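Welcome! Open your viewer, get your selection tool ready, and follow along one stop at a time.

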Amino acid sequence: MQLYSDYPRRRTAQIVADALALLIVVVAASSAVAVAAAIRALAQFGRDLEAAGGSFREGLSDAADQLGGVPIIGEGIRAPLDAAAGAGGAVVDAGRGQQQLVESVAQVLGAVTLIVPLLLLAIVWLWPRVRFVRRAGRVRRMLAAGLGADTLAARAVATAPLRRLTAVHPDPGSAYRQGDPRVIRALAALELERAGIRANALP
């Protein structure tokens, strides 16, 4: 497997791109953790609300238990205290609900903060790198199997940018058809360069 080009300039660019990609992954992961943590801090209000509601409910329940035993008036006092304790339970539920909502938002926004940069990175960096590795490996296997300069030159004539072709010869197609060995080898080298392989790999 050939990860980098044989040509120094392109190899340097690939190494720099890989380093930047790694940096982006680290920054994206750190940002996702930071965003989630910042949002989770908002759940403190819900925890305080839950604690306050719990204390309120327990205090009124204790009062209801104590006053409920008072003869004659106990039952009459206990009913409103129990009702108020139930309201404290509603406050507890509201606090828990706020915490659950904050946790859901933290998870979603944290995931988005991580996934969006990674998707862009996959399109801009990973896919071109995978294509390069696959192309280089395929061309090397074909060279080992006997691929010649003629086929590579034909590929270059068909797919290489026109400015690169005319740098080899003013009319590269005509020179190729006439079998000019210098042009054929130069065109083959051009195709190999696109795969990151030096021309000396040609037989």
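**Stop 1: a crossing pair**

Select α4 and α7: these two helices are roughly perpendicular to each other (an angle of 65 to 115 degrees counts as such), because their axes cross at roughly 70 degrees. The axes also come within 7 Å; each is a line fitted to C-alpha atoms over the stretch in contact, with angles running from 0 to 180 degrees between N-to-C directions. Helices here are DSSP runs (H or I, at least four residues), numbered from the N terminus.

Now show the side chains where they meet, including Leu152 and Ala153 of α4 and Leu187 and Leu192 of α7. Contact means heavy atoms within 4.5 Å.

This is a predicted model, in which local features need pLDDT of at least 70 and side-chain atom pairs pLDDT 80 or more, while totals for chains, interfaces and linings use all residues. Residues are numbered from 1 along each chain as its sequence is written, and side-chain values use heavy atoms, leaving out hydrogens and water.

**Stop 2: the largest core**

Select Val139, Leu143 and Ile197, which are among the residues with the most contacts inside the largest nonpolar core, a set of 20 residues. Such a core joins buried Ala, Val, Leu, Ile, Met, Phe, Trp, Tyr and Cys residues through side-chain atoms within 4.5 Å; buried means under 20% relative accessible area (1.4 Å probe, protein chains only). Elements giving two or more residues include α3 (74-144) and α5 (162-168), and α7 gives the most, with six.

**Stop 3: helix α1**

Finally, select residues 8-40, helix α1. Its buried residues include Gln14, Asp18 and Ala36.

Conventions. Buried < 20%, exposed > 50% of the residue type's maximum accessible area, 1.4 Å probe, protein only. Parallel < 35°, antiparallel > 145°, perpendicular 65-115°, else oblique. Expected span 1.5 Å × (residues − 1).
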